[in-house]
Amino acid sequence: MNFNISETQQMVAEAAKDFAEKYIRPYVMQWDESQEFPVEVFRKAGELGFMGILVPEIYGGSALDYHDYIAIVEEISKVDPSIGLSIAAHNSLCTNHILSFGNEEQKQRWLPKLASGEWIGAWGITEHNTGSDSGGMATTAVKDGDEWVLNGTKNFITHGKSGDIAVVIARTGEKGDKHGITAFAVERGTKGFSAGKKENKLGMRASETAE
């Protein structure tokens, strides 16, 4: 295997390092002590292509590969792992699920907003009593005519309060049925969709975690 760093990776890593030094390092302690989730930093990250790293250019993304992705998260996390965590959660848990499994209409509708940083993405699987055991989760989705009705609560969700869209995992079959699980993309503002408690964490405090 070739572990040499490519010229593109070097350029991407330098861009991420410069971004972190300019827009993150001066505020690391301030954000940690106040537990502030600095939304505007992620808007700026979007301008630099860090919010749609793997997304193809036709959807407004950077069309980079996983080696570039790792370089970006690594350089940002050297300065503030909270911000690195949130960029990774946005890119992998929400954006990449829509990219990998969404239909064309969904990709065109959501990916440009996520890749630009206009929208911040969340992903909901964890629950109070079952943790991240999707087979045992209590959240259900039931078909009602042409619509699905979701009932349940997710917790410890990155960007649970500030996210503009969440990929929510719900049970559509019996508990323990690994095929009876479906992912739903739910936009902020959807009837019945609300944020709950924001967690007071020991670390990673500038990365928002909420119910």
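Analyst: The structure holds six aromatic pairs, where rings of Phe, Tyr and Trp (its six-membered ring) are paired if their centres lie within 6.5 Å, and planes under 30 degrees apart count as stacked, over 60 as edge-to-face and the rest as tilted. This is a predicted model, in which local features need pLDDT of at least 70 and side-chain atom pairs count only at pLDDT 80 or more, while totals for chains, interfaces and linings use all residues. Residues are numbered from 1 along each chain as its sequence is written, and side-chain values use heavy atoms, with hydrogens and water left out.

A pair of aromatic rings is described by the distance of the centres and the angle of the planes. For Tyr66 and Tyr69 the centres are 5.8 Å apart and the planes stand at 45 degrees, so this pair is tilted. Both residues belong to helix α4 (residues 66-79), where they are three residues apart, about one turn of the helix; helices (H or I, at least four residues) and strands (E, at least two) are DSSP runs, numbered from the N terminus. An α-helix has 3.6 residues a turn, so residues three or four places apart point the same way. Tyr66 is partly exposed at 46%, whereas Tyr69 is buried at 5%.

Elsewhere among the aromatic residues, Phe19, Tyr23 and Phe50 form one cluster. The ring of Phe193 has the charged end of Arg188 over it, 4.7 Å from the ring centre; a charge sits over a ring if NZ of Lys or CZ of Arg is within 6 Å of the ring centre and within 35 degrees of the ring normal.

A nonpolar core is a set of buried Ala, Val, Leu, Ile, Met, Phe, Trp, Tyr and Cys residues joined through side-chain atoms within 4.5 Å. This core has 24 residues, and Ile24, Ile76 and Ile83 touch the most other members. At least two residues each are supplied by α1 (7-23), α2 (28-34), α3 (39-47), α4 and α5.

Helix α5 (residues 81-101) has 21 residues, and at 1.5 Å a residue it should span 30 Å, which agrees with the 28 Å between its end C-alpha atoms; the expected span is 1.5 Å times one less than the number of residues. There is a bend of about 40 degrees at Thr95, taken as the angle between axes fitted to the seven residues ending there and the seven starting there. At the start of α5, a side-chain oxygen of Asp80 comes within 2.9 Å of the backbone nitrogen of Ser82. Ala89, also in α5, is buried at 8% relative accessibility, and its C-alpha atom is separated by 18 Å from that of Ile24, 65 residues apart along the chain.

Ile83 can be followed to another part of the chain: its C-alpha atom is separated by 6.2 Å from that of Ser207, although the two are 124 residues apart along the chain. Ser207 lies in the loop between β6 (181-187) and β7 (209-210) and is buried at 1% relative accessibility.

Most residues other than glycine have a negative phi, and most peptide bonds are trans. Ala63, in the loop between α3 and α4, has a positive phi near 55 degrees and is partly exposed at 41% relative accessible area. Phe156, in the loop between β3 (147-151) and β4 (157-158), has a positive phi of about 55 degrees and counts as partly exposed at 49%.

Key:
Polar contact = N/O pair within 3.5 Å; in protein donor to acceptor, adjacent residues only side chain to side chain. Buried < 20%, exposed > 50% of the residue type's maximum accessible area, 1.4 Å probe, protein only.
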